[in-house]
Amino acid sequence: MIIVFPSLINAQYQVGHYSMTFQDPGRANRNIDTEIYYPASISGDSTLAAIGEFPVIIFGHGFVMTWDAYQNLWEEFVPNGYIMVFPRTEGSLLSTDHQEFGWDLQFLVNKIQEEGANNPASPIYNGVANNTALMGHSMGGGASFLAADSLCANGNSNLKTLIGLAPAE
């Protein structure tokens with residue numbers, strides 16, 4: 001007997017990955033450690049991206065959770081043609097700041113567009129579509145709403161969708 005999983009039938013791409021630390025000059029060069037998963041021709045770290053432009057999902061983790069708790073999401077979305085971006089900030093039990101996390105998500109919306117358009121050394125160079133979603137769970141869901149509010153108030157044209165998974169606040 002052969003068992004076939006529907007998500008494997010529809011998978012078009014392999015999963016590429018790289019880590020990057022972005023600095024936000026508007027917040028005293030705040031470091032935003034980030035994990036980026038993207039459609040690739042070969043699975044692995046810093047492999048070549050698949051040909052095409054792909055929409056972006058910036059994902060905010062839940063309170064006292066880490067980005068890698070959401071492996072099921074990148075394993076589902078990336079093979080189906082999405083770039084997923086996970087900031088690794090604001091994971092401490094004692095010093096978590098929801099507003100700072102929202103600003104991190106907001107900053108990454110623009111930074112990933114720049115990475116795709118202006119950084120020839122990046123695996124996602126020329127592969128980023130002008131379609132970004134903010135998505136988050138719990139604290140990250142609430143922070144996504146904070147980020148979206150600010151982006152919309154500033155006329156950002158990259159943000160197209162907001163998805164909250166049990167958003168806090």
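A salt bridge is a side-chain nitrogen of Lys or Arg within 4 Å of a carboxyl oxygen of Asp or Glu. The close-ups below come from a predicted model.

**Figure 1. Glu100 and Arg27 form a salt bridge.** The closest N and O atoms of Glu100 and Arg27 are 2.6 Å apart. Glu100 belongs to helix 3, while Arg27 sits in the loop between strand 1 (14-24) and strand 2, and 73 residues separate the two. Arg27 has a relative accessible area of 16%, so Arg27 is buried. The structure holds eight salt bridges. A network of salt bridges links Arg27 and Glu100 with Asp24, Arg30, Glu90 and Asp104.

**Figure 2. Glu90 and Arg30 meet through their side chains in a salt bridge.** The N to O distance is 2.7 Å. This pair links distant parts of the chain, with Glu90 in the loop between strand 5 (83-87) and helix 3 and Arg30 in strand 2, 60 residues apart. Glu90 is buried, because its relative accessible area is 13%.

**Figure 3. Arg88 forms a salt bridge with Glu35.** The closest N and O atoms of this pair lie 2.5 Å apart. Arg88 is partly exposed, at 39% relative accessible area, whereas Glu35 is buried, at 3%.

**Figure 4. Tyr38 is a buried residue of strand 2 (residues 30-40).** Its relative accessibility is 1%. The side chain of Tyr38 reaches the backbone oxygen of Thr47 at 2.6 Å. Tyr38 and Pro123 are 85 residues apart in sequence, yet their C-alpha atoms are 8.4 Å apart in space.

**Figure 5. Ser122 lies in the loop between helix 3 (98-118) and strand 6 (128-137).** With a relative accessible area of 7%, Ser122 is buried. Its side chain makes a polar contact with the side chain of Glu115, at 2.9 Å. Leaving aside residues up to four places away in sequence, Ser122 touches Tyr18 and Glu115.

**Figure 6. Strand 6 pairs with strand 7 (residues 159-165) and is joined to strand 4 (residues 54-60).** Strand 4 and strand 6 run parallel and are joined by six bridges; Val56 stands opposite Thr132 in strand 6. Strand 6 and strand 7 also pair in the parallel sense, over six bridges, and here Thr132 stands opposite Leu159. From strand 6 the chain crosses through helix 4 (residues 139-153) to strand 7, in a right-handed β-α-β crossover. Seven of the 10 residues of strand 6 are buried.

Terms used
Residues numbered from 1 in each chain as written. Predicted model: local features only at pLDDT ≥ 70, side-chain atom pairs only at ≥ 80, totals over all residues. Heavy atoms only, no water. Helix = DSSP H or I, 4+ residues; strand = E, 2+ residues; numbered from the N terminus. Buried < 20%, exposed > 50% of the residue type's maximum accessible area, 1.4 Å probe, protein only. Polar contact = N/O pair within 3.5 Å; in protein donor to acceptor, adjacent residues only side chain to side chain. Contact = heavy atoms within 4.5 Å. Pairing = 2+ DSSP bridges. Right-handed = clockwise from strand over helix to strand, strands pointing away.
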